[in-house]
Amino acid sequence: MRIPRLWSMAIGGMAIAILALWLINSLYTLYVQVSGTTPWLATPLLIGILILIAIAIAVLVYYVGIFQGWWGRSKTKTPQLPKVPVERTAAATANLEAIDRQLQQIQDEVTRQALLAKSREIAENLARGQIRVVVFGTGSAGKTSLINAIIGRIVGEVGAAMGTTTRGETYTLELKGLDRQILLIDTPGILEAGIEGTQREAVARELATSADLLLFVVDNDLRSSEYTPLMALAEIGKRSLLVFNKTDLYPPPDRDKIVAQLQHRVQSEIEPQDVIAIAANPPPVRLESGEIFTPDPDIFPLIRRLAAVLRAEGEDLVADNILLQSQRLGAEARELIDAQRRRQADRVVTRFQWIGAGVVTVTPLPVVDFLATAAINTQMIIEIGKIYGCDLDKAAAQELALSLGKTLTSLGIVKGAIQLLSTALTINVTTYALGKGIQGLTAAYLTRIAGRSFIEYFRQDRSWGDGGMAEAVQQQFQLNRKDEFLQAFIQQAISSGTVKLKETFSIVDRK
C-alpha cells in the first residue's frame, strides 16, 4: 500500500507545482491587465487564487491519507464489539456459570446437588490455580518410585506389590520460576485382575481425566491395553508425557529401540520430545570389590521436560483442563435434562394416546378420519413443545399436526398399523364392536408414533433432520412394531379398557 501512495503523492505534487506555476503566470497576466483598468479588483483576485491553491492542496493531501487518520480518530468512533471470552480462563468461567443455570432445570434434588458440588469443585480448582500432575499406568510400571525420585523423599512404599495404591495419593511440589503450586498425584494401577482391580482402575481413570498434565508410565513398549486408554485421554485433549521407566534393565541399543517404537506409535498425539526414558529406581549392583553400590535415579530428562512444559504451558494447561471438566459436566447435565424431558414427554404421549383411543372408540368415525382426534393431537404437540422450551401457538401446532397426518397416510402407516394390530390381536372377525376396538387401539398406536416423532423433532431443536419428516416418522414406526412392544402395548390397551375382548367375544357368540 505504501508504494502506490508515494506515487500518488509525487504525481499530486507535480500537478500542484504545474498548477501553481500556471496560476502564478495567469495571476501575473491577469493582475497586470486588471490593475491597469480596475486597480481595486486586483488584490481580491490574487487572494481568491491563493485560496483556490490552498483548497487544492488540502483535497490532495486528504485523498492520499495524510490527514485521514487524524480525521478518523477525531470524528469516527470504533464500533463496540460484543464482549466474548477469548481467554481460556474466561471461557471456563463463563461455561461454569452457564452450567449452573442449566443445572437448575434438573428436578431430582439429589442429582442436582451432586452436580452443583462438582461445579463448585471445578470453580475452586480454577481459583486455587494449582497444577495437577497425575502419574498414571500399570501397577508394575514404577509410578510410586517415579514420584519418590521426583520429590526426593520417600512418599510411598517403593517396590510394593501391585494394588498397594488404592486411591489417589497427592503430594506437593514447588518448581522454581513457577508461581503455581504443583500437585503430584499417584494413582492406583490399571489392568489389575478382580473386582477390586476394576474398581481401582476406575478411580485411576477418573483422576487421569481430571489431570492438567498426565505422566503415563510404561516399562516397555506399549501394550494394546495401555495404548487404548492413552489415546482415549489424548483424544479428549489431555496433555501427556509418555515416560519409559526402568531403562536400567535394558542395554542401550534395546533402550533406544524401545524409545523409537514408542515415539512412532504415539506420534499422532504426542510429540517425540514428550517421550522420555528414565530409571526411577535402579537396583543396587555389586562392584568388583564386593561393595554394594546403589545408583542414583536417572530422572533428569523427565524433570527438565516437566519443568519446561509447566513453565511454558502451565497457565494454559490449567485453563484447558478446567474448560474440559466444565464441558464434561455440561454434557452430563444435558444428558440428564434430556432424559428428564423424555420421561415427561412420554407421559404426555401416553396420556393423549389413550384419550384419542377413547374418543375414537365411542365416536363413529371412518378409520382414516380419526387422525384428526387421535394420532394428530394439537394440544399434545403444544405440551411436548413446552417441555422442550418451545412455546407454540395453536395455529403452528395445527400446521405441524396436519403435515404429520398427511405423512402418516402417504407412507401407508395408517393401513399398516391396522393390519399389524389386527394380526397381533389374532382376531379375524369383523363385528361392529371389534372394529371399534381395533379403531381405538390403532388411534392410540398412531398417536404414540406421532408423539414420539414430535419428541425427536423438539429434541433436535425443531428439526426433522436430513431425512425430513417422512424418515423420522418411518423410524418411529419401525421402532414401535417389534413383537415385544406390541404385546405390551395391547395388554396396556386391554387394561385401560380400550379393547374389551370379553365383550367382543360375547357379541360374536350371540351372533
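**Reading helix packing and an aromatic pair**

Modeller: Helix 11 and helix 12 are roughly perpendicular to each other. Keep in mind that this is a predicted model.

Colleague: How is the packing of two helices described?

Modeller: Two packed helices are described by the angle between their axes and by the distance between those axes. Here, helix 11 (residues 378–387) and helix 12 (residues 394–410) pack at about 110°, and their axes are 8 Å apart. Angles of 65 to 115 degrees count as roughly perpendicular, and therefore helix 11 and helix 12 get that label. The crossing of helix 11 past helix 12 is right-handed.

Colleague: Which residues of helix 11 and helix 12 meet?

Modeller: From helix 11 they are Thr378, Ile381 and Ile382. Helix 12 contributes Lys394, Ala397, Gln398, Leu400 and Ala401. Sorted by class, this contact has five nonpolar, two polar and one charged residues.

Colleague: Is helix 11 mostly covered or mostly open?

Modeller: Helix 11 is mostly covered, with seven of its ten residues buried. Among them are Thr378, Ile381 and Ile382, which also meet helix 12. After helix 11 comes Gly389, which has a positive phi, near 75°.

Colleague: At what angle does helix 12 pack with helix 15?

Modeller: The angle between helix 12 and helix 15 is about 65°, and their axes are 10 Å apart. This crossing, too, is right-handed. Ser403, Leu404, Thr407 and Leu408 in helix 12 touch Met469, Ala470 and Val473 in helix 15. That contact of helix 12 with helix 15 has five nonpolar and two polar residues, and no charged ones.

Colleague: Now the rings. What describes a pair of aromatic rings?

Modeller: Two values describe such a pair: the distance of the centres and the angle of the planes. Rings pair if their centres lie within 6.5 Å, and by this rule the model has seven aromatic pairs. One of them joins Phe454 and Trp464, at 5.6 Å centre to centre with 55° between the planes, and it is tilted.

Colleague: Where in the chain do Phe454 and Trp464 sit?

Modeller: Phe454 is in helix 14 (residues 432–459), while Trp464 is in the loop between helix 14 and helix 15 (468–479). The two are ten residues apart, and the pair links distant parts of the chain.

Colleague: Are Phe454 and Trp464 buried or exposed?

Modeller: Phe454 and Trp464 are both buried. They also belong to one aromatic cluster, together with Tyr457 and Phe458.

Conventions: Residues are numbered from 1 along each chain as its sequence is written. This is a predicted model: local features need pLDDT of at least 70, side-chain atom pairs count only at pLDDT 80 or more; totals for chains, interfaces and linings use all residues. Side-chain values use heavy atoms; hydrogens and water are left out. Axes are lines fitted to C-alpha atoms, for helices over the stretch in contact, and angles run from 0 to 180 degrees between N-to-C directions. Helices (H or I, at least four residues) and strands (E, at least two) are DSSP runs, numbered from the N terminus. Angles under 35 degrees count as roughly parallel, over 145 as roughly antiparallel, 65 to 115 as roughly perpendicular and the rest as oblique. A crossing is left-handed if the near helix is turned anticlockwise from the far one by less than a right angle, and right-handed if clockwise. Contact means heavy atoms within 4.5 Å. Ala, Val, Leu, Ile, Met, Phe, Trp, Tyr, Cys and Pro count as nonpolar, Asp, Glu, Lys and Arg as charged, and the others, Gly among them, as polar. Rings of Phe, Tyr and Trp (its six-membered ring) pair if their centres lie within 6.5 Å; planes under 30 degrees apart count as stacked, over 60 as edge-to-face and the rest as tilted. Buried means under 20% relative accessible area, exposed over 50%, partly exposed in between (1.4 Å probe, protein chains only).
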